[in-house]
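This report walks through a structure residue by residue and then as a whole. Please keep the sequence and the coordinates at hand while reading.

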Amino acid sequence: MKELKVKLTFLESILGTQTGDKDVYRSFIGSKAPDARTIEDEVEAVGQDEVIDKAKTWFPRTEDGRPFIYDYWLRGFFKSACSALRSIKDTKSSKVKAYKKKVDLNIFIKDRKNIIEDYNLEDITECQRPLRCSTMQGERVSIAISEEIPAGATVIFTIQCLDDGDIPLVKEWLDFGKFNGLGQWRNSGHGKFKWEELENE
C-alpha cells in the first residue's frame, strides 16, 4: 500500500456543508454514512448550540471546537474530479472505467477527521446567497447561509492507495482542485485549492 501525504491550501473561502438540524442529519445525511455506527459520532460533531439555525450549514467540530473535514468529503471530491476529467482526452482519468468502485474499494483517507488549520476562529463568517428554483407555483427564492472559513486555510491528510499505480491518478484529481474544490457552492469558486506533497514521517 502506498501513502501520499498532502497539504491543501484553499485559494478561495470554503463553506460548511452539514445541516444544523440534527434530526434532519440523523434521518437523511447520517443514513448515507459509509458505516451506520458512525451516525451518532457525526450527529454529535454538528455542535451543541442552544439554538440551532436549521437553515444554515456548518463545519463539524472536534470536542475542543476546531472545524474539520470528514474523510468522505475528500473521497467524494475524488469521484467528482474523475467524473469531470474522464471526458478530457489523454488524461489518466479517461482510462478509468469503474471510477466510483475504484475510489470506494482502493483509495482511502487515513484519518476520519482532518483538522482545518492556518486561520483564526474569529475569522469564521457567514456566506449568504439566494437560491432560485422553478416550481409549479412559479419562481421561488430562498436564502442559503453557510459557515465560511477564509482563503489561506489549510488541511493536511494522508491518502492510502492499495494499488501503487493509482498515485498518479490521485495527483491528477488533486490538480483539478484549482478549478473545482470542496464544500458548499463550489461551482461558484468556493473551496478551490492548490496542493503540495509532504514527506511522510
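Thr154 lies in strand E10, which spans residues 154-161; helices (H or I, at least four residues) and strands (E, at least two) are DSSP runs, numbered from the N terminus. The model is a predicted one, in which local features need pLDDT of at least 70 and side-chain atom pairs count only at pLDDT 80 or more, whereas totals for chains, interfaces and linings use all residues. Residues are numbered from 1 along each chain as its sequence is written, and side-chain values use heavy atoms, with hydrogens and water left out.

With a relative accessible area of 5%, Thr154 is buried, a class that requires under 20% relative accessible area, while exposed means over 50% and partly exposed lies in between (1.4 Å probe, protein chains only). The side chain of Thr154 is joined to that of Asp118 by a polar contact of 2.5 Å, where a polar contact is a pair of N or O atoms within 3.5 Å and, within protein, one must be able to donate a hydrogen and the other to accept it, residues adjacent in sequence counting only if both atoms are side-chain atoms. Once neighbours within four places in sequence are left aside, Thr154 is in contact with residues including Lys7, Phe10, Ile115 and Asp118, contact meaning heavy atoms within 4.5 Å.

Thr57 sits in strand E4 (residues 56-58) and, at 12% relative accessibility, counts as buried. Its side chain makes a polar contact of 2.6 Å with the side chain of Ser146, and Ser146 is also one of the residues that Thr57 contacts beyond four places in sequence, Gly16, Ile145 and Gln184 being among the others.

His190 belongs to the loop between H5 and strand E11 (193-198), and is buried, with a relative accessible area of 13%. A polar contact of 2.9 Å links the side chains of His190 and Ser13, and the contacts of His190 beyond four places in sequence include Glu12, Cys127, Gln184 and Trp185.

## Positive phi values in two loops

Trp185 is found in the loop between H5 and E11, and its phi is near 55°, a positive value in a residue other than glycine; at 40% relative accessibility, Trp185 counts as partly exposed. Asp90, placed in the loop between H3 and H4, has a phi near 70°, likewise positive in a residue other than glycine, and is exposed, with a relative accessible area of 66%.

## Packing of helices H3 and H5

Helix H3 (residues 71-85) and helix H5 (residues 167-175) pack at an angle of about 90°, and their axes are 9 Å apart. H3 and H5 are therefore roughly perpendicular to each other, a label given to angles of 65 to 115 degrees. On the H3 side the contact is made by Phe77, Phe78, Ala81, Cys82 and Leu85, and on the H5 side by Val170, Glu172, Trp173 and Leu174.

Among the buried residues of H5 are Ile167, Leu169 and Trp173, and the buried residues of this helix pack against elements including strand E1 (2-10), H3 and helix H4 (99-106).

## The protein as a whole

The protein has five helices and eleven strands, and buried residues make up 44% of its 201 residues. Of the contacts between residues at least 6 apart in sequence, 75% join residues at least 24 apart.

How values were computed: Axes fitted to C-alpha atoms, helices over the stretch in contact; angles between N-to-C directions. Parallel < 35°, antiparallel > 145°, perpendicular 65-115°, else oblique.
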